[in-house]
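Colleague: I've got the fold up on my screen and would like a quick tour. Can you walk me through it?

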Amino acid sequence: EISTLLNTGLNKDTLSALLGLCELGVNPEALAEAVKDLRREAQRLREAEAAAFASSRDLGGHRGHADRGPAAALPHAVPAL
């Protein structure tokens, strides 16, 4: 798969969508910057969720194994860096 060969970290569908946008005339450099920005923001949110979860556990908010933290309920469309 080309995504693996290029070491993009993108899945097939995402890479296909990005290539389609390029074919429609979207500036590839601007698109690459947008992807980088989205990855940075996703990482920031994951870290904030983890900190909030750790803080709630420290305050006695832990409810056992059924609670896997706030990140468990959210889909992660952007892969980790």
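Colleague: What share of the 81 residues is buried?

Modeller: First, this is a predicted model, where local features need pLDDT of at least 70, side-chain atom pairs count only at pLDDT 80 or more, and totals for chains, interfaces and linings use all residues. Residues are numbered from 1 along each chain as its sequence is written, and side-chain values use heavy atoms, with hydrogens and water left out. Buried means under 20% relative accessible area, exposed over 50%, partly exposed in between (1.4 Å probe, protein chains only). Of the 81 residues, the buried share is 16%.

Colleague: Which element has the highest mean pLDDT?

Modeller: pLDDT is the predictor's confidence in each residue, from 0 to 100, and the protein averages 80. There are 3 helices and 0 strands, taken as DSSP runs (helices H or I, at least four residues; strands E, at least two) numbered from the N terminus. Helix H1 (residues 2–6) has the lowest mean, 68, while the highest, 94, belongs to H2.

Colleague: Which residues form the largest nonpolar core?

Modeller: Such a core is a set of buried Ala, Val, Leu, Ile, Met, Phe, Trp, Tyr and Cys residues joined through side-chain atoms within 4.5 Å. Here the largest one has 5 residues: Leu10, Leu15, Leu18, Leu31 and Val35.

Colleague: And which helices each supply at least two residues of this core?

Modeller: Val35 touches Leu10 and Leu18, leaving aside residues up to four places away in sequence; contact means heavy atoms within 4.5 Å. The helices that each give at least two core residues are H2 (12–23) and H3 (28–58).

Colleague: Which helix gives the largest share of the lining of the largest pocket?

Modeller: Of the 14 lining residues, the closest to the pocket's centre are Leu10, Leu15, Leu18, Ala32 and Val35. H1, H2 and H3 each supply at least two residues of that lining. The largest share, 6 residues, comes from H3.

Methods: On a 1 Å grid over the protein atoms alone, a cavity is a set of points where a 1.4 Å probe fits but cannot get out, and a pocket is an open set with protein on both sides within 12 Å along at least five of seven lines; lining residues have an atom within 4 Å of a point.
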